[in-house]
Amino acid sequence: MGFKEFMGVITAPRTLAAYKLSFTTAFLSALINAVFGLIVAWVLVRYSFPGKRIVDALVDFPLALPTAVAGIALTELYTPTGWVGQYLGVLGIKAAFTPLGITIALTFIGLPFVVRTIQPVLEDMDPQIEEAAASLGANRWQTVSKIILPVIFPALLTGVTLAFARAIGEYGSVIFIAGNMPMKTEIVPLLIMTKLEQYDYTGATAIAIGMLVISFVLLATANFFQWLTSRNLGKA
Amino acid sequence: MGLREGALSIELKHVHKKFGDFKALDDVSLKIEDGELLALLGPSGSGKTTLLRVVAGLDPFDEGQVLFSGRDAENQKTHQRGVGFVFQHYALFRHMTVFDNIAFGLNVLPRKTRPSRDQIRAKVMELLNLVQLEWLADRFPWQLSGGQRQRIALARALAVRPQVLLLDEPFGSLDAQVRKELRAWLRRFHDEFHITTIFVTHDQEEALEVADRIVVMNKGKLIQVGTPEDVFHNPVNSFVLSFLGNVNFFHCRLEEGKAVIGESALEVPGLSVQRPQAAKLYVRPNQFKISRVFSPSALKAIVEYVNPAGTVVKINLKTESGQQILVEITQEELKNIKIKKHEKVYVSLKDVSYLEYVQDNP
Amino acid sequence: MSSRAEPKFVKYLLIFVALVFFGLFIVLPLICVFDNALAQGLRFYLKTLQDPDALAAMRMTMTVALVAVPLNLVFGVAASWAIAKFDFKGKGLLLSLIDLPLSVSPVIAGFIFVLLFGAQGYLGPWLIAHNIRIIFAVPGIILATIFVTFPMVARELIPIMRSQGNEEEEAAITLGASGWKTFWLISVPNIRFGVLYGIILCNARAMGEFGAVSVVSGHIRGLTNTLPLHVEILYNEYQTVAAFAAASVLALLAILTLIAKTAIEATIHSGQRQG
């Protein structure tokens, strides 16, 4: 494969559309997990409520559940006749077979990454730091925003980056709910799969190389944030 | 009780060891006599633990020689050297009971030389008896207090009849009270069995109290080797001096057998007349004399604080030039002079610990 | 403790938000699987699971796990021992390599094996000449699964071993134990929970892997289908109930995995190992 051929595959409209879709949905799902994952982690570490241990154990459910199972379950939920889909339909929102559906599947997959990176950092935080802030006159909101959030921020970024990296490459949970329409709801891993089924190994390789580069950049980013986290906790 | 197996001396000859650019051991030569209780004393990072680990064969070194009873130990693995090592954090096997921990060294012997089960049992109980913890045999390490763990670690090391005991900060992570007890226990234990023992400590009091000989280390080098008395009273330099207890330090000029500090010329006992020269004067807190009477050979100072709580009375003084002095006097002396805060006193020298000549600035 | 607490309504609002989000994204799909699987009654459910293709898929999934998990266990223990207890050149590279399967898309993971062993791959001609089939056959599925589950054991063990340090091993050596005995009598017992944990996670991933296996399997019914692939085929053929019945087996496996994981964590935290 020459460089020209490589660029040809990479810059084909269908490839670009797939990359754009994969990036947008992965990014949106990572963002959703940043907000809700942080809340889930906070609630699990700081509060006690009935069923907390079950919730804590179930955080890993998306990692334990085979992706194909997650894929068909989410599809059934979000089709226009599904448990959730029918209510979304009333609001005029279509989830299954649209980018929204893909985002939902990726959010499911990414949640444990965010929660499980923030949780230990929150647990390890010295309570005396917060007490010190309070004793110096900070109110609760100031303590949270000026003391706690800055400490866990790198961990949050690590988790979000990991969730994003996983989402970019995710296949099983997405293909059922995506609809897989070229140019519209075709994610990059599926495009590689399609090329493979057509025995277009050159095309598949070109797209895969693009993905690998992205994965490594993301991994390096996550490691950098991890290093920041351990430095913040005074462990580096 | 047969805890010992023949005589042993250990000798290090010009041992060097680096971690990257950091010199952990810098030309260390030392001879440890049979049956000696030796303390390696120094601040953290001085190389004392590295030295201990080199003797044990746990760490390799770059240059030099380690001799066990005159024989080069280079090819001797740790377990062939007959060393018993007690680790700083005890390193008890957390998944084994106290009994199994102590029996470990016997259980891993080759079948030919391994004692029978009953013999092992008897040996373990004997050691538990020695450290007075027979009732803990079936406990797990996490169920023990720090002091108990320490003694079990010692019993475990003794089970293999080591010729030399190596203790890394043996009392480092214990409460003050337990520390004192174990210190005394170690001294008694050594007096009874005379196993060559090297222990690492950063606590000068511990070294002075327990050891036969002290090796003071700094930055990978041996600074001074000697008896506790020797090291304390005749320090070879100001590092040893300040490491072994509190010391006051003055810049002065030596003139006609006196130390001139500001406007006062202090008598320095034992100083012979010589040409004027700048010097640093090191004085221990108990080497001062305090008086209420003016004397031209005494420093004028104001009492800042008197703390009579303790076996000695600690007094903080401040000289006219603003220098802080820590003085210790006996309770008797305090009764005699009855000084109080803010009062004016005159300080003279009973003795001087160390005098360091300084090159005159042109 | 008031200095460390939010106003009550903030606390309850946060718990509410967390639980709603959690219910919507985690609990609802879980219920959905079992609800769909049992949509036509328990009898139909059980009948579907006894279908020959379903049984073949289950057997295949078990076979794959039985090969992949022990291999990765041996590799994981060895690699984490080397990484946690020794310094050597290329340690950083080994660490990155262990993480590699986690950071590439499963589709690409499978694709790598097609490129290596496929008919047009680097070793393809040689394999064809010797009449060895890897791609679109069982060996390919096993290889892809091993690759994807490669990091699971090592990643659990490395932090545990690191935090335990070397002292116990050194103590064993000063007491005369050989390297081999030290490994079996000291290192292994100290990581037994971590090992168990790793095995469970590795097994869950091995049995559930979809993307990578999908690329190399060839989807031959009764021959190269694992349970997740079987689910896909049934679902695409609109046999929804049958698909969910097969899926429910995998979901059950996931739940058992989480229960085992939680139980191990509880044992670890009960103080036994706080040394």
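How many Å separate the centres of domain 1 of chain C and domain 2 of chain C, taken over C-alpha atoms? In this predicted model, the separation between those two centres is 31 Å. The domain assignment places residues 1–37 of chain C in domain 1 and residues 41–272 in domain 2. Where the two domains touch, domain 1 of chain C supplies five residues and domain 2 of chain C supplies eight residues. On the domain 1 side of this contact, four residues are nonpolar, one is polar and none is charged.

Chain B is also assigned two domains, with domain 1 covering 10–243 and domain 2 covering 249–358. Taken over C-alpha atoms, the centres of domain 1 and domain 2 of chain B lie 41 Å apart.

Chain A and chain B, by contrast, have no contact joining them. The closest C-alpha atoms of chains A and B are 19 Å apart.

One residue of chain B can be followed in more detail. Val327(B) sits in strand E18, which spans residues 324–330 of chain B. Val327(B) counts as buried because it has 24 C-beta neighbours inside 10 Å, and the cut-off for a buried residue is 20 or more. Leaving aside residues up to four places away in sequence, Val327(B) touches Pro285(B), Phe288(B), Ile290(B), Ile315(B) and Leu317(B). For one of these, Ile290(B), the separation from Val327(B) is 37 residues in sequence and 8.7 Å in space, C-alpha to C-alpha.

Conventions: Residues are numbered from 1 along each chain as its sequence is written. Chains are lettered from A and ligands numbered from 1 in the order in which they are written. This is a predicted model: local features need pLDDT of at least 70, side-chain atom pairs count only at pLDDT 80 or more; totals for chains, interfaces and linings use all residues. Two residues are in contact if their C-beta atoms, placed from the backbone, lie within 7 Å. Domain bounds come from an automatic or database domain assignment. Ala, Val, Leu, Ile, Met, Phe, Trp, Tyr, Cys and Pro count as nonpolar, Asp, Glu, Lys and Arg as charged, and the others, Gly among them, as polar. Helices (H or I, at least four residues) and strands (E, at least two) are DSSP runs, numbered from the N terminus. A residue is buried if 20 or more other C-beta atoms lie within 10 Å of its own, exposed if 12 or fewer, and partly exposed in between; C-beta atoms are placed from the backbone.
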